[in-house]
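Please open the model in your viewer and keep the selection panel at hand. The tour goes from one selection to the next and says what is found at each stop.

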Amino acid sequence: MLINEENELLLSTEGSSDKEFTKELINVFTNNNKMDRSFQMDWKDKTYSVSYGTFDRIGSKWTYISAAPISAITTPIITISKVILVASLIVLGLAFFLTWFASNRLYQPVKNLASSFTATSNLTSNGRKDEFKQIRDRLDSLTFESEQLEKRINHQIPQLRQNFLIQLTKGYLYDFDEDALRRRMENYRWKVHHHSFVLLDIQLTRGNEHLQRTYEDDSLIAFAMANIADDMTAKYLDQYTVLNQYDLTASLFLIIPDDMSNWSDQLNQLAEDIMTAINRILSSYVTITISSETTRIKDIPFLFEEIGRARRFRDFNNQNQILMLNEVEKEVKGQKLFYPFETEKEIIQSIRRGKINESEELIRQFFDELLHNSTKEVSVHAGIMQLYSTIQHEILLSGVDPVVLYKGRNMYEELSQLREMEWVVKWLIVQVIEPYITFLENNMNMEMKVIVEKVVSYLEEHYMEDISLESCAEYVDITPYALSKAFKKIHGVNFIDYLTTIRMDKAKELLLYTNMKINEISESVGYRHSYFNRIFKKHVGLPPSQYRKTRASSS
């Protein structure tokens, strides 16, 4: 509506004829503080928002007043707000769905990773799965397992290297080429490029003070020897492997860098250090053999063969020795093999007679004659092998099977492992000759037992006849002395006492269970009457007649 300066109504948009609302509005406006350009007015349970303003008009000032229900103002806003709220909720729901879908797609690899690490039943303490915690725990577990495996691999590397060298020397890797073998060695953490390979063989020999040693002693000594070699070699080289043969020998596989100067002198010094340490700690002599050098892995087996040949050229006498193949081969060229055939015949004769002590003395004489001509192990061992072959030939001639006698043992291999004269002598006596002689004696005892049992059967059947030791010996075709000795050994009594016992037992039966006269009984058991009475009383304690009466009355 419009009003003039006197607050008279000029124009109103109210539709009612009495214009009650307009009048009330002018009244409120007139009383209102003109400082406020807007105010609120209550009319018939409605609240109106009133605003006004003035403007000049043809020399006067008019005022316009606008009134509208607040509900009419707010209704569009509420509607728009609802629309905005619904749209926001829809957008929020769509965003939530898209977020869920995207996060699920992003989470799926994590879920798959977690499921591959842990079982789906593994839950956290609150009952819900925490895949990231599972992955973290699993990674920690795998890291720990990896560290443990690394430690185990590092612990097993020496054994893997030893197995590789054994396979290589036995020919199991013959089909592998050089590059394949090189890669395999690198897998065992060996550095082989710009390196060469050398073998150093260690062999213990011991003196007479160690004759009471056992196999367990040898194993412990071999273990100690390998540890000494390991400690000494660590001072010279970074790459090496100790192969303990557990027969008082060990091999050092050395990997020498190309930039190592004077390696030959250093290996000789290493051999000296090992020798000194073994002498001091184990109180044993040692023979160390150094092979030639090679840069090819496929030539390593030939290094083992080379030192196997070279160490056979050591002096058989107990002493410290360092051998180089080229040097020892020059020393043995031109030597002739000497063999004491006459002493060998005497040894065989003493074995036939069962003379063990005599055989031992002759074997020592045999050794002295061998060593007088050449002290090289290769020559001495050839003579030892020939002697054992002759002894085995004698065993075969006697009808004894060496395989049965020695229970299938490889006697040639055992003999080849002995590197000291005293041990060879003791081995030939204790392991070869004594079992053979004992076997023969036991078989002879079995034969004599059969003979004695045959005589016993003969006595059981012919006790009533005139029997003597000589007649029984003639019956079984042996000497009376041999029969008497065997009878005593097997039955614990001599021949005549055994025969008398048979006759007295038979006489007791006849006295108790027959009515035969005493003289008839004496004749039936092979005695004259007068002698029977005396011998019966001696063995039973009563004369025959009194024995019959006493037993008859007691029964």
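Predicted model: local features only at pLDDT ≥ 70, side-chain atom pairs only at ≥ 80, totals over all residues.

**T63 in strand 5**

Staying on this sheet, select T63, which is placed in strand 5 (residues 60-69). Is T63 buried or exposed? Its relative accessibility is 8%, so T63 counts as buried. Leaving aside residues up to four places away in sequence, T63 touches M1, L2, I3, F29, Y52, G53 and T54.

**Aromatic pairs**

Turn now to the rings, of which the structure holds 22 aromatic pairs. One of them joins F21 and W43 in an edge-to-face arrangement, with 5.9 Å from centre to centre and 65 degrees between the planes. Because F21 belongs to helix 1 (residues 20-31) and W43 to strand 3 (residues 38-43), the pair ties together parts that are 22 residues apart in sequence. Both F21 and W43 are buried. For a further selection, take F164, Y188, W190, F197 and F253, which ring pairs link into a cluster.

**The mixed sheet**

Another open sheet has 5 strands in the order 7-8-6-9-10, and here the pairing is mixed. Strand 7 (240-244) and strand 10 (321-324) stand at its edges with a single partner strand each, so that one side of each is left without a neighbour in the sheet. Select strand 7 with strand 8 (residues 249-257) to see antiparallel pairing over 5 bridges, in which T241 has F253 of strand 8 as its bridge partner. Helix 3 (residues 131-170) lies across strand 7 and strand 8, and runs at about 70 degrees to strand 7. Helix 6 (residues 263-282) also packs on the sheet, where it touches strand 6 (195-205), strand 8, strand 9 (285-290) and strand 10.

**Last stop: charges over rings**

Finally, select K298 with Y174: the charged end of K298 sits over the ring of Y174, 5.4 Å from its centre. K454 lies over the face of Y475, at 5.3 Å from the ring centre.

How values were computed:
Residues numbered from 1 in each chain as written. Heavy atoms only, no water. Helix = DSSP H or I, 4+ residues; strand = E, 2+ residues; numbered from the N terminus. Buried < 20%, exposed > 50% of the residue type's maximum accessible area, 1.4 Å probe, protein only. Contact = heavy atoms within 4.5 Å. Phe/Tyr/Trp six-rings, centres within 6.5 Å; stacked < 30°, edge-to-face > 60°. Lys NZ or Arg CZ within 6 Å of the ring centre and 35° of its normal. Pairing = 2+ DSSP bridges. Axes fitted to C-alpha atoms, helices over the stretch in contact; angles between N-to-C directions.
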